[in-house]
Amino acid sequence: MNDPHQPAHRDPDGFRVRGREMTRIETFTDAAFAFALTLLVISLDPPTTMQSLADTLVHVPGFLLGATLLMVFWNAHHRWSRRFGLDDSNTILLSCLLVFTVLLFVYPLRYMTSALSGFIATLTGLPVGPELDTLGLTGREDVNRMFVVYGVGFMAMSASIVLLNVHAWRRRALLGLSHAERVETKVEIVTWCVLFTAGLLSTAVAAAMPHAMPVAGWVYAPLGVVIPLFAWFTRWRNREPSPPPDAT
């Protein structure tokens, strides 16, 4: 952690930046995410004909979606590292758990985004994804199995971020977190708990009804609305009380 006597630098949320210098575990984690990103690439072999170029470009939307989702997890770890600057044994253990899961999660992520872009291509007739037949999805059971595998990885990575923030919360006194910083830490914990719950529900639905119409993916759809509402409610519930009016 940085010298507390140094001038305070704050992130856009007003959180004091305690991890201004990268630790070895943060560098290692960043390298793992960078490697995972390379595993999402459209193709390791450059196209040599117009047909192969066209076949490659249909994977671009899926790659962009997968890379975006991967960067959401990376940014969560980056934000955590900058805010708290912890470098103890628990930090190393939980960061290694995140590294382990992201290197496994990248394959279900790539497959899921390819299937999603292929489904959109089938519905719209636009060349925004591969043909579903090329992915080996022959029936509802395959689709639901895909959601189970994806959901397990999504839960593991979300749990890693939750545990990192819980670890920081337990050291809030040592870190000297202000009231506003404690509220933002709670918001971060709540956000990733919601994401973990969504993954758990989606996985449970897909596993419990393997032959039913695949609806597990729709569990993730409301997150864009649910998470901001939970964050707003957490901030409102934990807002700092107003000072009493001056009696004089």
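With which residue does Asp142 form a salt bridge, and how far apart are the closest N and O atoms? Please continue from there to the helix concerned and its surroundings.

Author: The model is a predicted one. In it, Asp142 forms a salt bridge with Arg145, and the closest N and O atoms are 2.9 Å apart. Both residues belong to helix α5, where three residues, about one turn of the helix, separate them. Arg145 is partly exposed, its relative accessible area being 44%.

Helix α5 runs over residues 140–170, and Arg140 lies in it. Arg140 is likewise partly exposed, because its relative accessible area of 42% falls between the limits of 20% and 50%. Beyond its neighbours within four places in sequence, Arg140 is in contact with Pro210, His211, Ala212, Met213 and Pro214. Of these contacts, Ala212 is 72 residues from Arg140 in sequence, yet the C-alpha atoms are 6.7 Å apart in space.

Asn165 also has its place in helix α5. With a relative accessible area of 3%, Asn165 is buried, since the cut-off for that class is under 20%. Apart from neighbours within four places in sequence, its contacts are Trp80, Phe84, Thr185, Glu188 and Ile189.

Helix α5 also takes part in the largest pocket: α3 (60–84), α4 (89–124), α5, α7 (179–208) and α8 (223–237) each supply at least two residues of the lining. The space in this pocket is about 1,100 Å³. Its lining comprises 35 residues, and those closest to the centre are Met112, Leu116, Phe147, Gly217 and Tyr220. The most is given by α3, with eight residues. By class, the lining holds 27 nonpolar, six polar and two charged residues.

Side chains of opposite charge can pair when their charged atoms come close. Asp88 and Arg171 meet in this way at 2.5 Å, N to O. Asp88 counts as buried at 19% relative accessibility, whereas Arg171 is partly exposed at 24%.

A further salt bridge joins the side chains of Glu181 and Arg10 at 3.7 Å, N to O. Because Glu181 lies in helix α7 and Arg10 in the segment before α1 (24–39), the pair ties together parts 171 residues apart in sequence. Glu181 is buried at 3% relative accessibility, while Arg10 is exposed at 51%. Arg10, Arg18 and Glu181 are linked in a network of salt bridges.

Conventions: Residues numbered from 1 in each chain as written. Predicted model: local features only at pLDDT ≥ 70, side-chain atom pairs only at ≥ 80, totals over all residues. Heavy atoms only, no water. Helix = DSSP H or I, 4+ residues; strand = E, 2+ residues; numbered from the N terminus. Buried < 20%, exposed > 50% of the residue type's maximum accessible area, 1.4 Å probe, protein only. Contact = heavy atoms within 4.5 Å. 1 Å grid on protein atoms, 1.4 Å probe; cavity = no way out; pocket = protein on both sides within 12 Å on 5 of 7 lines; lining within 4 Å. Points joined across faces, edges and corners; volume = space filled by probe spheres on them. Nonpolar A, V, L, I, M, F, W, Y, C, P; charged D, E, K, R; others polar. Salt bridge = Lys/Arg side-chain N within 4 Å of Asp/Glu carboxyl O.
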